[in-house]
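Subject: Handover of a structure

Dear colleague,

Please find below the structure that I am handing over to you. My findings follow directly after it.

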Amino acid sequence: MTQEERKITSINKILDSAEEFIQKNGMNNIDINKICKSAGLTKGAFYHHFQNKHQLLLEIFNRWIKRVSSEVEITGYKNINTVDLILHIIDRITPAFENTSNQLPIFIELYTEAISDKNSRTYVLESYNNFISFFSDLL
């Protein structure tokens, strides 16, 4: 396994463990030690890949956006009328929003706060632009 593959594997282990932790415990009391233990990694490994909890949560949010966008496949629906296309998009996207309904307001609050932070702004705007581009491409 290459160094880049090990890096991606470690990041995914942390993100998977963090998502599992949040589903069980909510987002308010995130415990990096427990997340690292569940991931089978050290706290040092966590801070090697993430600056802080805030960045971890933003990455989880970005991961969720990618998941939502991958669930909405419209290539076979390009030639149907607009109303049917919009209904298809809603049908495909609704489960993703329902599955995170209690976390979505927290993600939005976190995202809004991150826009104000000079260190996070570029990262957040890149993710935001990807999200807008995804929905623009759909329409």
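Phe 46 has a relative accessibility of 0% and therefore counts as buried. Please note that this is a predicted model. Tyr 47, with a relative accessible area of 41%, is partly exposed, as values between 20% and 50% fall in that class.

These residues also take part in the aromatic contacts. Two aromatic pairs were counted. In one of them, the ring centres of Phe 46 and Tyr 47 lie 4.8 Å apart and the planes meet at 85°, so the pair is edge-to-face. The cut-off for that class is an angle over 60 degrees. Together with Phe 50, Phe 46 and Tyr 47 make up one aromatic cluster.

The largest nonpolar core comprises 28 residues, and Leu 56 and Ile 60 have the most contacts inside it. At least two residues of this core come from each of the helices H1 (3-25), H2 (32-39), H4 (53-71), H5 (82-99) and H6 (104-116). H4 contributes the most, with eight residues.

Helix H4 also holds Asn 62. This residue counts as buried because its relative accessibility is 7%, below the limit of 20%. Apart from neighbours within four places in sequence, Asn 62 is in contact with Tyr 111, Tyr 123 and Ser 127.

Yours sincerely

Technical notes
Residues are numbered from 1 along each chain as its sequence is written. This is a predicted model: local features need pLDDT of at least 70, side-chain atom pairs count only at pLDDT 80 or more; totals for chains, interfaces and linings use all residues. Side-chain values use heavy atoms; hydrogens and water are left out. A nonpolar core is a set of buried Ala, Val, Leu, Ile, Met, Phe, Trp, Tyr and Cys residues joined through side-chain atoms within 4.5 Å. Buried means under 20% relative accessible area, exposed over 50%, partly exposed in between (1.4 Å probe, protein chains only). Helices (H or I, at least four residues) and strands (E, at least two) are DSSP runs, numbered from the N terminus. Contact means heavy atoms within 4.5 Å. Rings of Phe, Tyr and Trp (its six-membered ring) pair if their centres lie within 6.5 Å; planes under 30 degrees apart count as stacked, over 60 as edge-to-face and the rest as tilted.
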